[in-house]
Amino acid sequence: MRFDLTVPWQLSAALGPDLLLAGGAMLLLLWCVWRPESAGHQRSVGAWSIALCVLTIAAVFWYGHQQVTSGPGIIAVDSFRWAADLIFLGATIIALMLAMDYNERERITVAESHVLVLLATSGAMLLAASRDLMMIFLGVELMSISVYVLAGLNRRSAVAAEAALKYFLLGAFSTGFLLYGIALLYGVTGTTNLAAIGQWASVAGRASSPMLLVGIALLLVGFAFKVAAVPFHMWTPDVYDGAPTPYSAYMAAAVKAGAFAAFFRVWLEAFPLAAPSWHGALWWIAAITMVVGNLVALAQSSIKRLLAYSSIAHAGYILVALVSGTALGAASFLFYLTAYTLATMGAFAVVIALGQAGEIRLAVTDYSGLWRVRPWLALAMAVFMLALLGFPLAGGMGFFAKWYVLQAALRAPQPQTRLAVVLVLTSFVSAGYYLRVLKVMFMNPRAADMPDPMRVPALTQIVIGFAAGLLLVFGILPSPALEFSRWGVSVSGPMAETPIGPPLTRLDR
């Protein structure tokens, strides 16, 4: 099936899954305001939101199975988009399940919170589909505005209000960089279409145009903020720490994934010929992000702040795949994102399971002796920490995720050997805080006055078991996840035209 994106109804049809999720979210919003707030209504809207995500996943599978394509236009109809959408929707379902239990514990009865998650995911899906800078701006704003509200959803928490305000002010500041970059690129190229910008830059001498380079630099700042790359990361620890925990997990996984999907598409489709100009800046951002994220995480005593700096470090790892500038890098991004989403959201699920009303007991020391009172939670948290570390076997697919990124860096047309060395060394540094959590859980004694954890709600249990199980299964049998990531760059789209390097050896079997 081939869509003509110049025809309005065909353009709408090509955006079918995106419109299905956004339209369903608007209907759920009407239902939210129709009935008074209550814990039961909040759970009902959450259940219907999950059902809508499942329906959208079915639509994405149908489009992917049909292998639909399109002519040039403002959106992409390719496998990279469908693969990214599946990751976004999976993270959304996990966040909704965690939020239903968390909101009941914290007495948050605002059912619209689930709709905001759906709208933020609609923005992320639009980012993955966008082949036009103005569409990317719309996706960024749809995603960001929804998350600003989610960060301050708990109106009884001063910390949440502070987190929302910081996120909003710094987010608006970064949006200014993004818009100025778009304006400069339009001024020099006469278009906002990614493919057209790439064609314009293909003429000899144009790729080094000063205005083009300034526009690229401003876009780089805007995207670096959205993915929490150093030095544009300062909002991340405070926002993740202050926001309700399910939405911290959602921001660390789905929101970051959406921004990275647009980052990859813009850089690989619009600016490949300007690589000599932007490569050095992106190289240093990736290296500094890995170093700073891991070093500062060593000093954290709060589990949420530790996971926040962990997410900053992982943004640096993913940037290594982007620096490679190849389709192999894009494929390793999809694989890494799958592992990172499962491990990060699983870790935040354990934080929710062990937390208490009012967001107390979030210190790492509060996990002392967890093995003695909740052994299955301690084992699951160990899997998540080892997956984020990239430890073989016990860390599941986390090891293969980093290995795949290293392959992308080393097999690039210009091998990124030094950046690969930084990745390996900073991964060793990260063992200092990931293994500290394991030491506290398995080796530290439990204080006599420390109460036993409360009963873990059913949905949170399902999320923890599902995430840990998938990580371990894909750690033993990574082939399905590898095929998924390769499919994400192999079926149509400009990224499929870039060779993905020599055949994989051990990982390919």
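R131 is buried, with a relative accessible area of 13%. Buried here means under 20% relative accessible area, exposed means over 50%, and partly exposed is in between, with a 1.4 Å probe and protein chains only. The side chain of R131 meets that of E269 in a salt bridge, at 3.0 Å from N to O. A salt bridge is a side-chain nitrogen of Lys or Arg within 4 Å of a carboxyl oxygen of Asp or Glu. E269 also counts as buried, at 8% relative accessibility. The pair links distant parts of the chain, 138 residues apart: E269 is in helix α11 (residues 245-269), and R131 is in the loop between α5 and α6 (133-151). Helices (H or I, at least four residues) and strands (E, at least two) are DSSP runs, numbered from the N terminus.

The structure is a predicted model, in which local features need pLDDT of at least 70, side-chain atom pairs count only at pLDDT 80 or more, and totals for chains, interfaces and linings use all residues. Residues are numbered from 1 along each chain as its sequence is written, and side-chain values use heavy atoms, with hydrogens and water left out.

**Salt bridges**

Side chains of opposite charge can pair when their charged atoms come close. The structure holds 11 salt bridges.

| E104 | R43 | 2.8 Å |

E104 lies in helix α4 (residues 79-105) and R43 in helix α3, so the pair ties together parts that are 61 residues apart in sequence. E104 is partly exposed, with a relative accessible area of 43%. R43 is partly exposed too, at 26%.

**Packing of α3 and α5**

How do helices α3 and α5 pack? Helix α3 (residues 39-66) meets helix α5 (residues 112-129) at an angle of about 20°, and their axes are 9 Å apart. That angle makes α3 roughly parallel to α5. The axes are lines fitted to C-alpha atoms, for helices over the stretch in contact, and angles run from 0 to 180 degrees between N-to-C directions. Angles under 35 degrees count as roughly parallel, over 145 as roughly antiparallel, 65 to 115 as roughly perpendicular and the rest as oblique.

On the α3 side, Q42, V45, G46, S49, L52, C53 and T56 take part, and they meet H114, V115, L118 and M125 in α5. Contact means heavy atoms within 4.5 Å. The residues of this contact divide into 6 nonpolar, 5 polar and no charged. Ala, Val, Leu, Ile, Met, Phe, Trp, Tyr, Cys and Pro count as nonpolar, Asp, Glu, Lys and Arg as charged, and the others, Gly among them, as polar.

**Cysteines**

C53, from the α3 side of that contact, is buried with a relative accessible area of 0%. C32 is buried as well, at 4% relative accessibility. A disulfide is a covalent bond between the sulfur atoms of two cysteines. The cut-off used for a disulfide is a pair of cysteine sulfur atoms within 2.5 Å, and a search of the whole structure finds 0 disulfides.

**Other residues**

L213 lies in helix α9 (residues 210-226) and is partly exposed, with a relative accessible area of 28%. Leaving aside neighbours within four places in sequence, L213 is in contact with A207, S208 and S277. L213 and F271 are 58 residues apart in sequence and 9.9 Å apart in space, C-alpha to C-alpha.

P276 is in helix α12 (residues 275-297). P276 is exposed, with a relative accessible area of 73%. The C-alpha atoms of P276 and Q407 are separated by 21 Å, and the two residues are 131 residues apart along the chain.

Is Q416 buried or exposed? Q416 is buried, with a relative accessible area of 6%, and lies in the loop between α17 (398-410) and α18 (417-442). Leaving aside neighbours within four places in sequence, Q416 is in contact with H279, W283, V323, A409 and L410.
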